[in-house]
Amino acid sequence: MNKVAIIAQTKEGQLSDTSKQLISFLSSFKPESILILAIGDVKFTSTASSRPVDVIHLAEGLWSDSSTVQPLLSVLDGFHVFGIKSIQIDNLLSLLAASAKKEMVSGIQQLQFSNGTFIISKSIFSGKASLSLTSQSATYFSLNRNFDFSGSVELSEQNVGTSTSLIQSTTSEASIKTLKPITGSIPLPEATLVVGAGRGFKDPGNWTIVEDLAKALGAATACSKPVSDLNWRPHHEHVGQTGVKISPNLYIACGISGAIQHLAGVNGSRIVVVINNDPEAPFFKHADYGIVGDVNDILPRLTKKLQSH
Ligand SMILES: Cc1cc2nc3c(=O)[nH]c(=O)nc-3n(C[C@H](O)[C@H](O)[C@H](O)COP(=O)(O)OP(=O)(O)OC[C@H]3O[C@@H](n4cnc5c(N)ncnc54)[C@H](O)[C@@H]3O)c2cc1C
């Protein structure tokens with residue numbers, strides 16, 4: 001791994017925490033050079049790397065077809081390219097890999113590099129199984145949001161080397177008309193903490209306690225399919241086989257039975273906490289921690305405890 005490029009997400013003008021973790025992790029392999037492709041308007045003077053890194057600022061928006069990524073392909077020749085899973089980064093990585101006719105591995109949970117070989121552990125079958133593989137030819141890598149960074153070295157911050165900007169090629173037929181950032185909520189596929197709620201809440205008016213807990217944690221809210229079918233919650237919150245797939249570090253499932261179709265969308269979560277008043281609820285078999293109790297009692301107590309810290 002001589003040359004490493006990282007497609008980095010930015011938030012409020014700064015590199016996101018997960019992008020910094022990824023830079024730190026990849027720096028520990030001591031590559032010859034590190035290039036950061038920063039999406040969005042970001043002004044940063046240091047990264048979590050042990051050496052100066054080069055930065056290319058990418059225009060935010062639609063990297064929609066192979067013609068738009070041509071300027072990037074020549075820059076990335078000879079690099080191993082990494083990103084942390086998000087809709088935007090996965091789109092860009094797969095577009096780059098397909099255009100360059102190079103191999104891409106996604107859904108990565110653990111990664112090592114030894115003697116020119118990548119040793120990768122990734123989730124398959126909607127997170128029901130884990131696959132270990134080795135590759136010498138993979139070039140593009142999408143890491144799960146709950147990627148295991150535990151082996152990485154803590155590095156001090158360093159100044160940025162060169163900094164340039166790259167805008168999209170204008171040859172694309174697609175163009176952005178408007179770009180409306182979602183404000184006030186955390187997009188589910190990118191959330192590292194999620195509070196999910198099911199039909200056990202019985203009425204949409206009871207969601208205040210779910211939102212309070214999510215707010216206290218800084219978490220996104222999710223729901224089971226019947227809840228969104230009943231229009232108790234918006235459809236973009238529905239997780240499962242037919243909904244959004246999530247892979248947060250922590251998923252708290254409240255008043256959800258744990259049907260197989262729900263589990264298919266959430267079993268990429270690193271830690272699962274289940275709160276249900278039925279000790280026989282199937283979800284408990286898939287939980288790391290379980291609380292048998294009434295959500296109307298447990299959730300406010302949890303929120304209060306979190307708020308007092
Ligand atoms: C083709 C197909 C695709 C599907 N896709 C999805 C999908 O993508 N996502 C999905 O979620 N479902 C999906 N389903 C539906 C799925 O099979 C289940 O019906 C659904 O997940 C159940 O939702 P639930 O757990 O919220 O409700 P329920 O099954 O009604 O469970 C409610 C739970 O709340 C508990 N409870 C009740 N009161 C309380 C209380 N006061 N305190 C604590 N706990 C309480 C109960 O013990 C129960 O376990 C799909 C089904 C089909 C056939």
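Q: At what angle do helix H4 and helix H7 pack?
A: About 25 degrees, with the axes 9 Å apart. H4 covers residues 208-217 and H7 covers residues 295-307. Axes are lines fitted to C-alpha atoms over the stretch in contact, and angles run from 0 to 180 degrees between N-to-C directions. Helices are DSSP runs of H or I with at least four residues, numbered from the N terminus.

Q: What is the source of the model, and how are residues numbered?
A: This is a predicted model: local features need pLDDT of at least 70, side-chain atom pairs need 80 or more, and totals for chains, interfaces and linings use all residues. Residues count from 1 along each chain as its sequence is written, and side-chain values use heavy atoms, without hydrogens or water.

Q: Back to H4 and H7: roughly parallel or roughly antiparallel?
A: Roughly parallel. That label applies to angles under 35 degrees.

Q: Now the ligand. How many residues surround it?
A: 25, each with a heavy atom within 4 Å. The closest are Arg199, Lys202, Ser224, Ser257 and Asn276.

Q: Which polar atom of Ser257 is 2.7 Å from a ligand oxygen?
A: A backbone one. It is a polar contact, a pair of N or O atoms within 3.5 Å.

Q: What about the ligand nitrogens and Asp294 or Val295?
A: A side-chain N or O atom of Asp294 is 3.0 Å from a ligand nitrogen. For Val295, a backbone N or O atom lies 2.9 Å from a ligand nitrogen.

Q: How much of the ligand does the protein bury?
A: 75% of the 980 Å² that the ligand exposes alone. Areas come from the Shrake-Rupley method with a 1.4 Å probe.

Q: Which elements give two or more residues to the shell?
A: Helix H5 (225-229) and helix H6 (260-266).

Terms used: Polar contact = N/O pair within 3.5 Å; in protein donor to acceptor, adjacent residues only side chain to side chain. Parallel < 35°, antiparallel > 145°, perpendicular 65-115°, else oblique.
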